[in-house]
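Which charged side chains pair up in this model, and where do they sit? Take a look before reading on.

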Amino acid sequence: MADHQTKIHPILDIEAPPSARPLVPEGSVRSEKGDPAMLHQPQIQENIPLMHSKPPKNKSCCCKFLCWTISLILILLIILGATAAILYVVFQPKIPQYSVNNLRISDLRLNFDLSLYAKFNVRITAVNPNKKIGIYYEKGSHLSVWYKSTDLCQGTLPKFYQGHQNKTVLNVALTGQAQYGSTLLAALQEEAQTGRIPLDLKIDVPVSIKLGKLKMRKVRVLGSCMLIVDSLSTNSLISIKASTCKFRLKI
């Protein structure tokens, strides 16, 4: 009887226990204490392109428009300044001058309401000293005679044209009423005893300048003439002892 030989085949353990598996990740080594030490691996840096924000197109257009506007204004100002300088050199403008030749009081009396009625006749000489400039006297002028802070009477200049280097004599009638007439008349009579009565003739005249054939815009001549008269006698020529006039232009 033949002997049967028993063959023993080793059994392979397909599923190895966890302890048999390598605990150290690939690419690392184990330290002496059993702690895995990761191998040094170079870090890979990715180059990310930077996004630069572009300025809005509308903002750029606004800046260009503003720059052009400012430049245009500056150019216009330079042109206007140069034109004004040339005109000043060529025409050499001067302010018209005025003086009071004489003063006559036609009426000065108290009304029934105790207001003071005054009527003055003033002869004024208007002088245009310019060689190349004519003056148009327009409507809306205002003349007044004041005693201290009281407006005694008012009047106007006629509308007319005054040529180059011309002298024009104007007779102006001024009338008016002032309140507190008795007090005011007493103060005037007291001043008359001294022979020196202060009066102020104020002038506000709109004029237009003529340069050659060109009529310029309207301006105003403002001024006053401080007068010292000897009396307030009615219907008689009053002596003007002193007169100081100052004028300026208001554009």
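Predicted model: local features only at pLDDT ≥ 70, side-chain atom pairs only at ≥ 80, totals over all residues.

Q: How many salt bridges does the model have?
A: A pair counts when a side-chain nitrogen of Lys or Arg is within 4 Å of a carboxyl oxygen of Asp or Glu. By this rule the count is four.

Q: Which residue forms a salt bridge with R109?
A: R109 itself is partly exposed, at 38% relative accessible area. Its closest N and O atoms in the bridge are 2.8 Å apart. The partner is D107.

Q: How many residues apart in sequence are the parts tied together by K215 and E138?
A: The two side chains meet in a salt bridge at 3.3 Å, N to O. K215 lies in strand 11, residues 214-229, while E138 is in the loop between strand 5 (133-137) and strand 6 (142-147), so the parts tied together are separated in sequence by 77 residues.

Q: Is E138 buried or exposed?
A: Buried requires under 20% relative accessible area. E138 has 11%, so E138 is buried.

Q: Where does E191, the partner of K148, lie?
A: K148 and E191 form a salt bridge, with the closest N and O atoms 3.7 Å apart. K148 lies in the loop between strand 6 and strand 7 (150-155), and the pair ties together parts 43 residues apart in sequence. E191 lies in helix 2, residues 181-194.

Q: Is K148 buried or exposed?
A: Exposed requires over 50% relative accessible area. E191 has 18% and counts as buried. K148 has 61%, so K148 is exposed.

How values were computed
Residues numbered from 1 in each chain as written. Heavy atoms only, no water. Buried < 20%, exposed > 50% of the residue type's maximum accessible area, 1.4 Å probe, protein only. Helix = DSSP H or I, 4+ residues; strand = E, 2+ residues; numbered from the N terminus.
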